[in-house]
Amino acid sequence: MHIPTLHHPELSLLQAALHDVLQRRGDAQAANMSGTHPLMQELVATARGFTQPGRGGQLPTPSSVLTCAELAVHWVFAHGAEKQLLYDELKGSTCDPCWFQAIEA
């Protein structure tokens, strides 16, 4: 089985935190670094899109509609007031609580 891994220091921490949240929740898909879990697949796809050559590390613009995974990835790279704003947005969103718990870890 292929286990997707992110080779970026901050994103790999988010990946590990999400895996930990899924394990603590007792999710059956948490084996093998949660590679088959839909939330992990969304995170990996979003993060790889962010780190692809030519993308230049550009995140979606704040005015665009962000998915839960994009909010979490954006939070990893934000600073100061923007980081708090994204934290509050994710906490108050309709996203799966795993996303919020992962960034709190």
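Okay, let's start with helix H4: its buried residues are Cys68, Ala69, Leu71, Ala72, Val73, His74, Trp75 and Val76. Keep in mind, everyone, that this is a predicted model. H4 spans residues 68-77, and eight of its 10 residues are buried, so to speak mostly covered. What does the covering? Among the elements over those buried residues are helix H1 (9-24), helix H3 (38-51), H5 and H6.

Now, the core. The largest nonpolar core has 31 residues, and the ones touching the most other members are Leu11, Leu14, Leu18, Leu43, Leu90, Trp99 and Ile103. H1, H3, H4, H5 and H6 each give two or more residues to this core, and the largest share, seven residues, comes from H4.

Let me pick out Leu18 from that list. If you skip its neighbours within four places in sequence, leucine 18 is in contact with Leu39, Met40, Leu43, Cys98, Trp99 and Ala102.

On to the rings. How many aromatic pairs does the count come to? The partners are tyrosine 87 and phenylalanine 100, with 5.1 Å centre to centre and 55° between the planes, which puts the pair down as tilted. Tyrosine 87 sits in helix H5 (residues 80-91) and phenylalanine 100 in helix H6 (residues 97-104), 13 residues apart, and the pair links distant parts of the chain. Is phenylalanine 100 buried or exposed? Buried, because its relative accessible area is 14%, and the cut-off for buried is under 20%.

Last one, back on H4's Trp75, one of the buried residues there. Lysine 83 lies over the face of that tryptophan, 4.1 Å from the ring centre.

Key
Residues are numbered from 1 along each chain as its sequence is written. This is a predicted model: local features need pLDDT of at least 70, side-chain atom pairs count only at pLDDT 80 or more; totals for chains, interfaces and linings use all residues. Side-chain values use heavy atoms; hydrogens and water are left out. Rings of Phe, Tyr and Trp (its six-membered ring) pair if their centres lie within 6.5 Å; planes under 30 degrees apart count as stacked, over 60 as edge-to-face and the rest as tilted. Helices (H or I, at least four residues) and strands (E, at least two) are DSSP runs, numbered from the N terminus. Buried means under 20% relative accessible area, exposed over 50%, partly exposed in between (1.4 Å probe, protein chains only). A charge sits over a ring if NZ of Lys or CZ of Arg is within 6 Å of the ring centre and within 35 degrees of the ring normal. Contact means heavy atoms within 4.5 Å. A nonpolar core is a set of buried Ala, Val, Leu, Ile, Met, Phe, Trp, Tyr and Cys residues joined through side-chain atoms within 4.5 Å.
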